[in-house]
Amino acid sequence: MRREEKDEPHSLWLPLVRRLRDPFKGMFALPGGPLSPELSLEMSAASTLERATGLVPGYLEQLYAFGRVHRLPGPEDEYDDVAPPSERVVSVVYWASIPATDVANTRVHENIRWMRADDLPRLAFDHNEIVDYALYRLKNKVEYSRIAHSFLGEEFTLAELREVYEAILQRPLDPANFRRQIAASKSIIDTGKRVEGTRHRPPRLFRYDHTQAFADQGPLGMYRAAAHDAAMRRDENMNENP
């Protein structure tokens with residue numbers, strides 16, 4: 001999430017990679033790669049992102065599996081010069097969010113470019129379709145989940161959190177109504193601290209309630225929460241009995 005100009009509202013951006021070989025040589029595409037036999041789907045997705053950008057995701061979730069037979073954008077008769085794939089390719093797509101505080105650490109490369117998610121050029125394969133579906137899912141998910149917090153640092157103000165919602169929903173939100181809705185969700189905790197160095201009354205700083213981290217994952221979250229708790233207990237036992 002970033003501003004294109006200082007006085008403009010925030011918008012969502014994503015990293016794209018320029019293809020160096022056919023098909024679609026020279027066009028931009030989403031970062032991707034083959035599935036490593038040593039890694040799970042989730043770990044492979046995180047590894048692919050880190051390899052392309054040098055960034056570690058603050059949130060990572062499986063989006064959808066895309067497996068249309070030819071997977072070309074638009075009418076297929078537009079691609080007479082594109083050789084059909086030699087094998088069927090199915091992409092298990094993950095979406096990730098990067099905290100705004102980490103984006104400055106992006107690996108710089110001439111073939112990697114960040115672009116606005118709602119103003120993309122024509123991408124290789126069916127990657128425009130993938131981005132459109134991801135934005136659609138994100139707009140729906142932010143209404144009932146806590147995904148918005150993952151775009152921020154460990155501590156944040158209510159105004160910063162509202163800006164994330166506005167960037168995702170692409171519309172302004174009433175600050176008073178937003179404050180009441182967030183308070184009702186009980187998803188954030190007042191740190192007791194305030195922003196330092198401001199001229200006017202400094203705003204309060206909040207943090208995400210990490211005890212709710214698995215609540216949005218349904219039954220899968222229950223298993224992950226149990227595994228997380230078991231790992232924490234193992235660590236505590238190791239510390240108590242070195």
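Rings of Phe, Tyr and Trp (for Trp, its six-membered ring) pair if their centres lie within 6.5 Å; planes under 30 degrees apart count as stacked, over 60 as edge-to-face and the rest as tilted. By this rule the count comes to 6 aromatic pairs. The model is predicted: local features need pLDDT of at least 70, side-chain atom pairs count only at pLDDT 80 or more, and totals for chains, interfaces and linings use all residues. Residues are numbered from 1 along each chain as its sequence is written, and side-chain values use heavy atoms, with hydrogens and water left out.

**Aromatic rings**

A pair of aromatic rings is described by the distance of the centres and the angle of the planes. F66 and Y133 form an edge-to-face pair, at 6.3 Å centre to centre and with 80 degrees between the planes. This pair links distant parts of the chain, 67 residues apart: F66 belongs to strand 3 and Y133 to helix 2 (residues 127-141). Here helices (H or I, at least four residues) and strands (E, at least two) are DSSP runs, numbered from the N terminus. Ring pairs also link Y64, F66, Y133 and Y136 into a cluster.

Accessibility is classed by relative accessible area: buried means under 20%, exposed over 50%, and partly exposed in between (1.4 Å probe, protein chains only). The table gives the class of several residues discussed in this report.

| Residue | Relative accessible area | Class |
|---|---|---|
| F66 | 5% | buried |
| Y133 | 25% | partly exposed |
| T48 | 12% | buried |
| F24 | 9% | buried |
| K186 | 65% | exposed |

A charge sits over a ring if NZ of Lys or CZ of Arg is within 6 Å of the ring centre and within 35 degrees of the ring normal. R2 lies over the face of W13 in this sense, at 5.0 Å from the ring centre.

**Nonpolar cores**

A nonpolar core is a set of buried Ala, Val, Leu, Ile, Met, Phe, Trp, Tyr and Cys residues joined through side-chain atoms within 4.5 Å. The largest such core has 35 residues, and L12, L161 and Y165 have the most contacts inside it. Two or more residues each are given to this core by strand 1, strand 3, strand 4 (91-97), helix 2, helix 3 (158-169) and helix 4. Helix 3 supplies the largest share, 7 residues. A second, separate core of 6 residues includes W13, I98, V103 and W114.

Contact means heavy atoms within 4.5 Å. Not counting residues up to four places away in sequence, L161 touches A148, H149, L152, F156, F178, I182 and I188.

**Strands and local contacts**

Two strands pair if DSSP finds at least two bridges between them. An open sheet is formed by 3 strands in the order 2-1-5, with antiparallel pairing. Its edge strands, strand 2 (28-29) and strand 5 (112-116), each pair on one side only. Strand 1 (residues 13-18) is joined to strand 5 by 5 bridges, and the two run antiparallel. Within strand 5, W114 stands opposite P15.

E61 lies in strand 3 (residues 59-66). Between E61 and W95 there are 34 residues of sequence separation, and their C-alpha atoms are 5.6 Å apart in space. With residues up to four places away in sequence left out, E61 touches V93, Y94, W95, R137 and K141.

T48 is found in helix 1 (residues 41-53).

**Helix 4 and its ends**

The N-terminal end of helix 4 (residues 175-185) is capped by D174, with a side-chain oxygen 3.3 Å from the backbone nitrogen of A176. A polar contact is a pair of N or O atoms within 3.5 Å; within protein, one must be able to donate a hydrogen and the other to accept it, and residues adjacent in sequence count only if both atoms are side-chain atoms. Helix 4 is followed by K186, whose phi is positive, near 55 degrees. K186 is placed in the loop between helix 4 and strand 6 (188-194).

**Backbone exceptions**

Most residues other than glycine have a negative phi, and most peptide bonds are trans. K186 is not a glycine, yet its phi is positive. F24, also not a glycine, has a positive phi of about 65 degrees, and F24 is found in the loop between strand 1 and strand 2. P23 is found in the loop between strand 1 and strand 2. The peptide bond from D22 to P23 is cis, with omega near 0 degrees.
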